[in-house]
Amino acid sequence: MLVAVLFYTFATILVVAGVGVIISRNPVHAALSLVLCFLTSAVLWLLIEAEFLALVLVLVYVGAVMVLFLFVVMMLDINVEELKRGFTRYAWLGWLVTAIVVAEIVGVIVQRRLGLDVTRGAVPLPADYSNATELGTALFTRYAYAVELAAVLLLVAIIAAISLTLRRRRGLKLQDISAQVAVRASDRVRLVKMKAEPRS
Amino acid sequence: MSGVSNWLATRWLALPGFAHSTVFILALTLVLIVCVAYLTLWERKLIGWMQLRRGPNRVRLFGIPHTEYIGQPFADVVKLLIKEIVTPARSNKVLFRLAPAITLIPAFAAWAVIPIAPRFAIANVDAGLLYILSLTSMGVYGVILAGWASNSKYAFLGAMRSGAQIVAYEIAMGFALVGVLMASGSLNLGTIVDHQRGAPFHWNLVWLFPLFMVYFIAGVAETNRAPFDVAEGESEIVAGFHVEYSGMGFALFFLAEYANMILISALTSIFFLGGWLSPLDGYLPAGSAIRHVPLLGLVLGDGTHWLAAKIFFLLCVFLWLRATFPRYRYDQIMRLGWKVLIPITIVWIAVEGILIWFRVGPWRV
């Protein structure tokens, strides 16, 4: 009963926030609605006892991805008029994607054998069951190669992103901080012993 | 007398679980708020002594003699409460009001999983460490929103600085905690403390010393404290992200900053200094007579007081840093975070892996 009440409360918030992402005129408000979406879906995951995934969702998407997103949105001066110019031209594509997504969701929900009867809630797991341990065991034994491949892919992506954005112009006056840190007083200041001027 | 206490005890046990939690939450929040109030006073006094000044020395507690400066926090609170709250023109009103609350809530909510006494936390969550990480990563929203909603250049600059800084240092913090995870093999904070049992030699501090340093430095940077306080940077951008806040709005940011300091100190003591474990743990055998001396035995044994003492020590280090060091330049902060702290953690995680493989050290894996 309590689980059902919590589920419908948070599901409603999730839907409202999701609509808010699309319809709000201010891009910062849209980004914040998306943050709310992530938080409420994390709560829904907690309800089906997937606490590891829920916390990682908050940690990665709310804590890191959306912060950077918000950053960019705040810095850019987004012209809403320009964005809306192609609205009618691309509307058919939007409708097509919507139809496909809706069909997919309905297809998953109708299939009873996937066990997606949301109204019943999850089967309670034993008290000593640890989500993190189970996931870790699966990832590092059965799927070890897949995990390593994904890690290498991410590393390649990072290096690619850095090498694409790291441009060195000629004649750039950059600070060499390690040289600054390594500097000694004797490199900068010379103490000169002088004889005192005679009093006139 | 025993009849009354018995009656109270049965009444207490008969209450449902959520009533217990509510009472604990209220008690802990009250204690924390009082601690924050007196931490502000202690900061001003301690830094005053370090810099050969007196610090606050005027407000007595209800005019009682010999209580100089004890009443200072209450005077400050009353002053801030009766001040006018100014909302800047063309600011985003809703977000402007919401931002202080968003900064404050994670700082308090994180205490839910902290083991404050032997084998006791308000919520004994198995993934407690992840919960802490995800909550502390949410604190940055308050700062960014405050800077953006104020519709002020200074505030916006402060918010941008703070956002970039927190994202950078969070990575170092997370990696340092990976080392703690490897040492104890659990995400549960209570288990992490239990795994450091034995003697101070078994504390994570000894075997994970580089990670301890990285975690604490990153913690100072995360709370935007000196010497990493460019987000406020009085000399450049007035007061940074909270420049437009007055009265209680400002007080909430202040409260959040100090609550975060206490939280980081508590987490550092739990992860690296053995939490509520007594430093005499390994030197007093379980059956020794000194453990049964009425008061002394309690003081020398494990308990909340040891956690409080460790937190207090780390808080003093926070204040010491502020009294001693000049502010970092912004590019130096970024360099320290990305090019010094993160490589140190990665190297030490590898070293720790080798140590665990060859079973050198007190690992219980």
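**The nonpolar core**

In this predicted model, the largest nonpolar core has 116 residues. Those touching the most other members are B:Leu130, B:Tyr215, B:Ala218, B:Ala259 and B:Ile262. Helix α7 of chain B, residues 153-184, gives the most to this core. Its share is 16 residues.

Take B:Ala259 from that group. Leave aside residues up to four places away in sequence, and B:Ala259 touches B:Leu32, B:Val36, B:Leu104, B:Ala107 and B:Phe108.

Now B:Leu130. It belongs to the buried residues of α5(B). This helix spans residues 128-136 of chain B and is mostly covered, with 9 of its 9 residues buried.

Next, the partner chain. Chain A has 9 helices and 0 strands. Of its 200 residues, 12% count as buried. Take the contacts in chain A between residues at least 6 apart in sequence: 55% of them join residues at least 24 apart.

Last, where the chains meet. The contact takes 18 residues from chain A and 15 residues from chain B. On the side of chain A that touches chain B, α3 (51-75) and α6 (131-142) each supply at least two residues. α3(A) gives the most, with 13 residues. By type, this side of chain A divides into 14 nonpolar, 3 polar and 1 charged.

Definitions and conventions:
Residues are numbered from 1 along each chain as its sequence is written. Chains are lettered from A and ligands numbered from 1 in the order in which they are written. This is a predicted model: local features need pLDDT of at least 70, side-chain atom pairs count only at pLDDT 80 or more; totals for chains, interfaces and linings use all residues. A residue is buried if 20 or more other C-beta atoms lie within 10 Å of its own, exposed if 12 or fewer, and partly exposed in between; C-beta atoms are placed from the backbone. Helices (H or I, at least four residues) and strands (E, at least two) are DSSP runs, numbered from the N terminus. Two residues are in contact if their C-beta atoms, placed from the backbone, lie within 7 Å. Ala, Val, Leu, Ile, Met, Phe, Trp, Tyr, Cys and Pro count as nonpolar, Asp, Glu, Lys and Arg as charged, and the others, Gly among them, as polar. A nonpolar core is a set of buried Ala, Val, Leu, Ile, Met, Phe, Trp, Tyr and Cys residues joined through C-beta atoms within 7 Å.
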